[in-house]
Amino acid sequence: MSYVARKGPQVVSALGRWAYNLSGFNQYGLHRDDCLYEDDDVKEAIRRLPEKLKDERNYRITRALHLSLTKTILPKEQWTKYEEDTKYLEPYLEEVKRERDEMAKWEANK
């Protein structure tokens, strides 16, 4: 199955951009999906990522941890931009949730 990551928000708004920049994770070069709480569904979606995406994610998180420890942020031109934030985990996460729901329905019909 081929996955296409959605780039940027579905609706671009001044309020959305403001909230995105206020969150601060973009100052460390992180994407929105890098900051998701890692429940069982997210862990499974991360496990299913291609190695290249997994390596990129690990690099961003390691760099963010280093920046946090040194109490610095990236130069503004390296911040993740609102319009360029790739929702790379979203298709995998949706698939995991669909499978979990399907398994629950299967178990309920036994």
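This is a predicted model: local features need pLDDT of at least 70, side-chain atom pairs count only at pLDDT 80 or more; totals for chains, interfaces and linings use all residues.
Local features are reported at pLDDT of at least 70 and side-chain atom pairs only at pLDDT 80 or more, while totals for chains, interfaces and linings use all residues. Residues are numbered from 1 along each chain as its sequence is written, and side-chain values use heavy atoms, with hydrogens and water left out.

In soluble globular proteins, nonpolar side chains tend to be buried together. A nonpolar core is here a set of buried Ala, Val, Leu, Ile, Met, Phe, Trp, Tyr and Cys residues joined through side-chain atoms within 4.5 Å; buried denotes under 20% relative accessible area, exposed over 50%, and partly exposed the range in between, with a 1.4 Å probe and protein chains only. The largest such core has nine residues: V42, A45, I46, L49, Y88, L89, Y92, L93 and V96. Helix 2 (40-48) and helix 4 (90-108) are the elements that give two or more residues to this core. Helices (H or I, at least four residues) and strands (E, at least two) are DSSP runs, numbered from the N terminus. A second, separate core has five residues, among them Y20, F25, L30 and Y82.

R57, in helix 3 (residues 51-69), counts as buried because its relative accessibility is 4%. Leaving aside residues up to four places away in sequence, R57 touches D33, D34, E38, I46, L49 and Y88, where contact means heavy atoms within 4.5 Å.

Rings of Phe, Tyr and Trp (its six-membered ring) pair if their centres lie within 6.5 Å; planes under 30 degrees apart count as stacked, over 60 as edge-to-face and the rest as tilted. By this rule there are two aromatic pairs. One of them, Y20 with F25, is edge-to-face, at 5.2 Å centre to centre and 80° between the planes. Ring pairs link Y20, F25 and Y82 into a cluster. Y20 is buried at 9% relative accessibility, and F25 is buried at 15%.

D85 lies in the loop between helix 3 and strand 2 (86-87). A polar atom of the D85 side chain is 3.0 Å from the backbone nitrogen of R32.

How values were computed: A polar contact is a pair of N or O atoms within 3.5 Å; within protein, one must be able to donate a hydrogen and the other to accept it, and residues adjacent in sequence count only if both atoms are side-chain atoms.
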